[in-house]
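Here is a walk through a protein fold, taken contact by contact. Have the viewer ready and follow along.

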Amino acid sequence: MELALAEARKGLGRTSPNPAVGAIVVRDGVVVGRGWHQKAGTPHAEVHALADAGPRAAGATLYVTLEPCNHTGRTPPCTQAILRSGVAKVVIGMADPNPVAAGGARYLAAQGLAVRSGVLEQQCRALNYPFIKHSATGLPWVLMKAGLSLDGKITFRRRQGEAITGPAAGQYVHRLRNQVDAILVGVETAIIDDPSLTARLAGGEESRDPLRIVLDTSLRLPPEARMLNQASIAETWIVCGEGAAKAREVRLADRGARVCRVPVDGAGRVDLPAALGLLGSRNITSLLVEGGARVHGAFYGQGLVDEVVLLYAPFIIGDSGTPLVEGFRLESDRAHVPTLHDVSLQLLGDDILVRALTGYA
């Protein structure tokens, strides 16, 4: 199953709205087939692994990270391919949370195959949190990411953007962008930093740019913004209020932007649940929120963050810097607040990565 998980990771960022799935065929203790789901609408991992194994699949064991589908969608049921292959046993990491596709394990068992489920289940679930959440709620999995100092400042000076963390952390962020469906910033960050919001991997490794999203209630983003004037096949969506000026929309649309109008909240800003609902309806299953501080504060304060990705640089900035969140404060003591869990730590050069699930996830 660990080998199947390694296969599945090859599809991260490439399969949405489908999950990343890997499969391994083992016969007489030897791996005879490998496969991973490469893109929605194309054959699933089991089909690739069984094709790789060929006639050696007969009597073998198939390991797959997600329950084989038992319905006809854009591809035929994987259960039928498994039966035709002559596989004797199927080992499954996790059940399929999609009720339309579920039932494969029960069906295969009814056809006389040995079936075992729940092997490395948590690792298989963690690989596909976005798919699981989107299947259950129709909403994307939200990761809040920031590079910051040890005292929690995301800039050296207010209204001035520059990198806080080092090159190793930077490459980690680009790999993360390469694996998510979309990346989001507020219009203040877009104006101050003028970012490209692309995925740039080192060493010539192939990358894909995520969909770029700007929260911009009044359509203040200038048409000259870098993200609208670069060689990237990924789209830029600007989410604004319903009352934003039509003339500004036209100017931005002329630069290739797609303007999406949603209701505003009581403070006159883009309503975040409505924005997430819009993205989910467009099959965006994972969203990387990169700030700034007010955007972080709004997402976290409304309980919309599922996972935090915080990269700490080994120094203190002090009062001149911008805090991680603005517009949010705890109204409870430690005993009553949702704390982070499943916390992991990793050194990236001199920087420290803290990645964890929120109490809301």
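Let's settle one term before picking residues: buried means under 20% relative accessible area, exposed means over 50%, and partly exposed is what falls in between, with a 1.4 Å probe and protein chains only. Keep in mind that this is a predicted model, where local features need pLDDT of at least 70, side-chain atom pairs count only at pLDDT 80 or more, and totals for chains, interfaces and linings use all residues. Residues are numbered from 1 along each chain as its sequence is written, and side-chain values use heavy atoms, with hydrogens and water left out.

Start with the aromatic rings. A pair of rings is described by the distance of the centres and the angle of the planes. Rings of Phe, Tyr and Trp (its six-membered ring) pair if their centres lie within 6.5 Å; planes under 30 degrees apart are called stacked, over 60 edge-to-face, and the rest tilted. That rule gives three aromatic pairs here. One of them is Phe-156 with Phe-315, a stacked pair at 5.8 Å centre to centre and 20° between the planes. Phe-156 sits in the loop between strand E7 (153-155) and helix H7 (167-179), while Phe-315 sits in the loop between strand E13 (307-312) and strand E14 (322-323), so this contact ties together parts that are 159 residues apart in sequence. Phe-156 is partly exposed at 23% relative accessible area, and Phe-315 is partly exposed at 29%.

Now look at Tyr-300 and Phe-328: their ring centres are 5.5 Å apart and their planes meet at 70°, so the pair is edge-to-face. Tyr-300 belongs to helix H11 (residues 293-301) and Phe-328 to the loop between E14 and E15, so the pair ties together parts 28 residues apart in sequence. Is Tyr-300 buried or exposed? At 15% relative accessibility, Tyr-300 counts as buried, whereas Phe-328, at 27%, counts as partly exposed.

On to the charges. A salt bridge is a side-chain nitrogen of Lys or Arg within 4 Å of a carboxyl oxygen of Asp or Glu, and the structure holds twelve of these salt bridges. Among them is Glu-7 with Arg-34, whose closest N and O atoms are 4.0 Å apart. Glu-7 is in helix H1 (residues 2-9) and Arg-34 in strand E2 (residues 30-36), so the pair ties together parts that are 27 residues apart in sequence. Glu-7 is buried at 5% relative accessible area, but Arg-34 is partly exposed at 39%.

Another salt bridge joins Asp-306 and Lys-133, at 2.7 Å from N to O. This pair links distant parts of the chain, with Asp-306 in the loop between H11 and E13 and Lys-133 in helix H6 (residues 129-137), 173 residues apart. Asp-306 counts as buried at 6%, and Lys-133 is buried at 18%.

Then there is Glu-290 with Lys-145, where the closest N and O atoms are 3.4 Å apart. Glu-290 lies in the loop between strand E12 (286-289) and H11, and Lys-145 in strand E6 (residues 141-148), so parts 145 residues apart in sequence are tied together. Glu-290 is buried at 14%, as is Lys-145 at 12%.

Finally, check the backbone. Most residues other than glycine have a negative phi, and most peptide bonds are trans. Which peptide bonds are cis? One runs from Ser-16 to Pro-17, with omega near 5°, and another from Gly-291 to Gly-292, with omega near 10°. Pro-17 is in the loop between H1 and strand E1 (22-27); Gly-292 is in the loop between E12 and H11.

As for phi, Asp-28 has a positive value near 55°; this residue is in the loop between E1 and E2 and counts as exposed at 74% relative accessibility. Leu-120 also has a positive phi, about 50°, although it is not a glycine. Leu-120 is placed in the loop between strand E5 (114-117) and H5, and is partly exposed with a relative accessible area of 26%.

Note on methods
Helices (H or I, at least four residues) and strands (E, at least two) are DSSP runs, numbered from the N terminus.
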